[in-house]
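Hi everyone, thanks for making time. Have a look at the structure on the screen, and I'll talk you through the parts I liked.

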Amino acid sequence: MIRRTLRTTLLLVLVGLCADGHRARAQSPVSGVVTRADLEAAGIHRLSELMQWVGGWNLTVDGLSWSVSPDGLPTAALPRAGLPEWTLLVDGQRVDVAALGAWLPELAPTAVQQIDSVRVVRTPGIAGGAFTSRGVLHVFTRRAPAGVSVHTWIRTGGETGDPGPYLFTPHATANVDRTGADVVGVVGYGSQRWNAQISFREINHSMTDPRLIERYHTKESQSYTTAGGPAVRLEAEVLGGRHVLLLGHTDHVGFIFLPARGRMERSALTLTHVGATGSLALRPRTHAAYRLTRSGHLLGREPDRFPAFGTHRRSLSHASAELSHRTDAWWVRTGIGVDERVLRLEGVPESEQRIHTTLFGEVEHESSAAWSQRYAAALVQEGDRVGFRASASAIWQPDSARSLSGSFSAMQQLPDEGTAWMDARTVEEGRARPNPQRTLLWSEIVWQQELTRAIAWDIGAVYGSIAESRGAAGETASLSSGSSPDTLGGGRFGVRAGLSLDAPPHLRGRVLYHSIAPLAASEDLVQAMETIPDHLLQGSLTYTPVPNFRLGLLLDYRTSLGWRGRELSRVSGKEKIDPVSRVDLSIEKWLWMRRVHTQLVLRNLLNTPERYHPFGAQFDRRFFLGASVRLPHDRASAPQRLQERGLGR
Amino acid sequence: VQLALVVTMAALLYSGPLTAQSPEPFSRLTVSAAAATNVNRVLLHRYWRSDTGWLMRVATPFYLGSTAVVVQTVPFTPRGPDQLDVDALTVLAEWNGERVLLPGVRGIGGIHLGQTTFKFRTQRERTFIIEESELLSGVQIGVRTRLAGDVGLAVMANHQKIFTQIPIHLTFVACGLEYSLATPSWLRTFLE
């Protein structure tokens with residue numbers, strides 16, 4: 001009763017606050033910006049934790065690997081092959097963090113502590129030299145301040161529920177390990193034209209659920225996962241443009257969840273990323289931009305009697321070039337991008353590869369008083385197959401207190417796009433089947449209005465559909481564990497609503513509500529959608545009474561999930577996952593003229609059952625204690641990159 | 001006991017302004033040392049008997065009320081041969097409100113959050129063999145009075161909930177002396 005009352009009170013506080021003196025802009029349900037201050041106040045210090053802020057349907061087994069479904073389609077953690085996934089961009093460079101059906105953000109060559117802001121786009125469009133079908137998570141890193149700078153950070157924590165002194169009594173229970181320590185170190189140098197950073201990061205993630213430890217821990221293996229490595233970021237303003245070189249090497253040793261097998265697997269995974277991006281001003285209003293990136297994975301596993309996959313290498317190479325021209329109201333760009341995915345299995349001399357070429361174009365017309373419009377189209381070619389994607393969006397009075405926006409996208413997905421064919425070769429060799437060609441539609445409409453100068457709200461509706469066709473051309477395998485020739489098809493309809501509060505310098509908050517349900521969908525899609533919550537409510541409130549002290553409150557509520565046995569072979573029948581209602585609290589204090597930052601984060605404060613997956617851990621109340629030192633001192637400045645264009649697009 | 005502590009603390013905080021004259025944040029330090037004794041009985045006491053412990057407390061004015069860091073150690077002696085000696089080392093951060101109750105007497109009450117580490121040791125060798133730590137939170141109330149100059153007397157009661165699998169509720173009463181001094185400028189610069 002007390003918990004229910006507290007939850008209701010928190011919700012009322014979140015939605016009822018009002019203030020004057022500053023104009024709030026509601027975060028659009030189709031895209032939004034998460035700033036460094038938002039991340040710090042929420043106690044988010046891992047890229048995997050960032051998934052909580054993405055605002056789509058997200059799913060985790062162990063808190064380290066995540067899947068996100070922004071549109072109601074199955075997540076990558078479901079065995080549904082070939083669906084497009086979210087795209088992760090770091091300073092405009094695509095980083096391939098998907099492996100074996102899992103999304104492992106910790107592979108990315110950057111740490112949360114280096115982030116300046118994150119732009120989250122939930123609709124299809126052109127980004128990173130390609131047409132992204134299901135949204136983009138674009139991470140912009142901070143530039144090093146002028147001169148030499150040093151930033152070190154450490155965090156440790158643990159879950160509650162230890163046996164304590166009862167360890168040697170009849171009341172003894174299973175021990176619960178602590179998690180961490182996570183460490184990040186960055187050395188930087190900044191000047192007018194050059195900016196360089198060398199960083200090293202390491203996270204140590206322990207299984208804290210005794211059931212998982214009992215299931216996977218053996219004498220030969222530890223129950224924790226370590227991820228991290230060095231990264232270099234070099235930015236230069238030379239040759240009439242800005243150029244960024246990003247190098248990173250990440251080792252990920254420990255457990256990852258294999259959706260196709262429905263179990264966690266101890267493995268060693270290495271990501272090496274090399275990328276260069278840049279833009280040049282050809283004329284005052286005409287720019288050229290380029291991207292050259294390569295993300296290479298080496299996946300190996302410890303010897304096992306029944307290995308789920310063999311040692312292999314996979315890589316994604318991308319090259320793109322584009323031209324853009326701007327007038328007062330118009331912005332036009334066109335470009336070409338080439339993606340090459342290569343798979344090399346150990347002991348097999350021949351490697352396999354898929355090459356996709358994308359031609360894209362985009363036109364944008366800006367008007368603050370009337371309609372602003374944007375049209376994008378892309379042709380994707382692989383061999384003799386061609387897929388077509390197009391999107392159109394419009395906003396009425398984007399800069400006024402009331403605005404209306406709408407978008408429509410249509411996409412033809414080729415059978416072998418993405419990583420599914422590689423996953424099938426390495427994990428599901430025995431159960432390969434043709435991969436279908438899919439057509440996806442996505443549309444949405446959003447009304448946004450300011451209530452006061454500090455509070456804004458928005459409401460929107462979305463509709464999406466998917467249709468599959470299995471032609472003779474489909475030759476590659478898929479990751480489906482089902483044996484029936486099922487078809488993922490049909491529609492889904494949803495609503496979104498948001499409320500934003502922005503009353504600097506003291507209060508900042510937001511509440512987001514999402515709901516989506518199948519509409520004339522196939523049985524396959526209906527079952528897939530049961531694995532994501534029907535309703536999701538997320539809220540945050542940041543209170544800064546004085547500049548060097550901040551309190552943060554987070555609320556997360558999601559309805560129950562249902563997993564069918566056919567999706568995961570080890571589950572018989574339908575397993576229900578209870579609703580999750582979580583409240584987090586963060587307390588921050590800066591010391592020594594903002595050179596030192598300390599933070600205490602309490603997650604799942606009310607200790608309610610928190611579980612996302614039938615095989616996943618139950619997360620109890622947990623706490624994290626972090627500290628960082630930044631020299632020279634940390635200026636509480638606005639994000640550097642929000643208004644930048646060119647590299648970010 | 002919990003209810004009495006919470007009601008008393010709430011009454012203390014809501015019955016008037018926190019302080020008659022709020023001092024500048026971090027302007028003064030109040031260092032106290034006290035003896036602490038465990039006054040309630042729970043499942044834990046079926047296996048251990050608590051002995052008198054000690055605590056050290058450093059408090060300073062905060063933006064609202066005051067904040068303090070407390071280190072407390074309490075030894076527990078086993079009641080039977082199957083258990084080991086245990087030392088409970090608690091480190092916690094407090095936030096307190098304070099008001100004048102009577103001339104020369106101030107009431108204090110607030111909340112705390114910290115961690116308790118149970119250090120086991122064999123009865124033959126005074127060597128720690130294992131430790132178990134866990135999060136705790138709770139409330140505290142007390143009274144303070146000035147004895148002479150910057151020296152004062154403080155009597156505090158605190159109730160802690162330790163979030164072990166079987167939660168442990170412990171109530172302590174502590175009595176000791178405190179000494180108040182101006183915060184050194186270098187430390188104040190650091191804290192600000």
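So, between chain A and chain B there are twelve residue pairs in polar contact, both residues at pLDDT 80 or more. A polar contact here is a pair of N or O atoms within 3.5 Å; within protein, one must be able to donate a hydrogen and the other to accept it, and residues adjacent in sequence count only if both atoms are side-chain atoms.

Quick housekeeping before I go on. This is a predicted model, where local features need pLDDT of at least 70 and side-chain atom pairs count only at pLDDT 80 or more, while totals for chains, interfaces and linings use all residues. Residues are numbered from 1 along each chain as its sequence is written, chains are lettered from A and ligands numbered from 1 in the order in which they are written, and side-chain values use heavy atoms, with hydrogens and water left out.

Back to the two chains. On the chain A side, strands β33 (580-591) and β34 (596-603) each supply at least two residues of the part that touches chain B. Helices (H or I, at least four residues) and strands (E, at least two) are DSSP runs, by the way, numbered from the N terminus.

Sorted by class, that side of chain A has 16 nonpolar, eight polar and five charged residues. Nonpolar covers Ala, Val, Leu, Ile, Met, Phe, Trp, Tyr, Cys and Pro; charged covers Asp, Glu, Lys and Arg; the others, Gly among them, are polar. In terms of contact (heavy atoms within 4.5 Å), 29 residues of chain A meet 29 residues of chain B. The area buried between the chains is about 2600 Å², and carbon and sulfur atoms give 67% of it. Buried area is the accessible area, with a 1.4 Å probe, that two parts lose on being put together, summed over both. And which three residues supply more than any other three of the area that chain A buries against chain B? They are P165(A), Y166(A) and F168(A), with 26%.

Now the rings. Over all chains, the structure holds nine aromatic pairs. Rings of Phe, Tyr and Trp (its six-membered ring) pair if their centres lie within 6.5 Å; planes under 30 degrees apart are stacked, over 60 edge-to-face, and the rest tilted. One of the pairs is Y612(A) with F619(A), tilted, at 6.2 Å centre to centre and 55° between the planes. Both of those residues are buried, meaning under 20% relative accessible area; exposed is over 50%, and partly exposed is in between (1.4 Å probe, protein chains only).

Another tilted pair is F62(B) and Y63(B), with 4.8 Å between the centres and 55° between the planes. Is each one buried or partly exposed? F62(B) is buried because its relative accessible area is 13%, and Y63(B) is at 29%, so it counts as partly exposed. These two also belong to one aromatic cluster with F549(A) and F26(B).

R46(A) forms one with D182(A), with the closest N and O atoms 2.7 Å apart. R46(A) is in the loop between α2 and β2, and D182(A) is in strand β13 (residues 178-190), 136 residues apart. Both partners are buried.

R134(A) and D71(A) also meet in a salt bridge, 2.8 Å from N to O. R134(A) lies in the loop between β10 (130-132) and β11 (136-141), and D71(A) in the loop between β3 (66-69) and β4 (87-90), so the pair ties together parts that are 63 residues apart in sequence. Again, R134(A) and D71(A) are buried.

Last stop, helix α4 of chain A, residues 420-427. Seven of its eight residues are buried, including W421(A) and M422(A). What do the buried residues of α4(A) pack against? Strands β6 (98-99), β19 (312-326), β20 (330-345) and β21 (352-365) of chain A.

Methods: Salt bridge = Lys/Arg side-chain N within 4 Å of Asp/Glu carboxyl O.
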